[in-house]
Amino acid sequence: MALLAVMLLGGCFDYRHKIMATTLLTKHGTLHAEAFAGALSARFPAGTSLSEFHRYLVKVEGTCRPIKDHTQKCEIPIRGMICAVSLAAVTTTLNDGDTQIQSFEVEVGGLSC
């Protein structure tokens, strides 16, 4: 009830970016690998089609390549500047037919000149 009163009296607000950043970033501003892996697993649970995950990757400028049987390494650029980039490396384990997600592992790192 109090929240409704604040909304009616105080106008509009949008905390989505604040919630996402506080949940997914460390206190140093880097991507929290475990939180991101959890978010991916919630958004794309085991059994989700690989094509659905690939559509997500297109939206976030990510790419994938096979690294061994039933496994893909995907890279999602997080932040870039002159001669440096921060990346999320997402190892995606697939089912036997390589058509569905089984699990994700995330590592956060970067590349520089």
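**Strand pairing around β2**

I started with Pro66 and found that its bridge partner in β2 is Gln72. I was looking at a predicted model, where local features need pLDDT of at least 70, side-chain atom pairs count only at pLDDT 80 or more, and totals for chains, interfaces and linings use all residues. Residues are numbered from 1 along each chain as its sequence is written, and side-chain values use heavy atoms, with hydrogens and water left out.

Next I checked Cys64, which has Cys74 as its bridge partner in β2. Strand β1 (residues 63-68) runs antiparallel to β2, with 5 bridges joining them. Strands here are DSSP runs of E, at least two residues, and helices are runs of H or I, at least four, numbered from the N terminus; two strands pair if DSSP finds at least two bridges between them. The hairpin of β1 and β2 has 2 residues between the strands, and I noted a positive phi near 60° at His70.

On to strand β3 (residues 84-94): I found 10 bridges joining β2 to β3, again antiparallel. The β2 and β3 hairpin has 2 residues between its strands, and Cys83 in the turn has a positive phi of about 70°.

**Lys73**

Is Lys73 buried or exposed? I put Lys73 down as buried because its relative accessibility is 17% (buried is under 20%, exposed over 50%, partly exposed in between, with a 1.4 Å probe and protein chains only). Lys73 sits in strand β2 (residues 71-81). Leaving out residues up to four places away in sequence, I listed what Lys73 touches, including Thr63, Cys64, Ala89, Thr91 and Glu107 (contact means heavy atoms within 4.5 Å). The side chains of Lys73 and Thr91 are joined by a polar contact of 3.1 Å (N or O atoms within 3.5 Å; within protein, one must be able to donate a hydrogen and the other to accept it, and residues adjacent in sequence count only if both atoms are side-chain atoms).

**Tyr15**

Last, I looked up Tyr15, in the loop between α1 (2-10) and α2 (16-24). Tyr15 counts as partly exposed because its relative accessibility is 47%.
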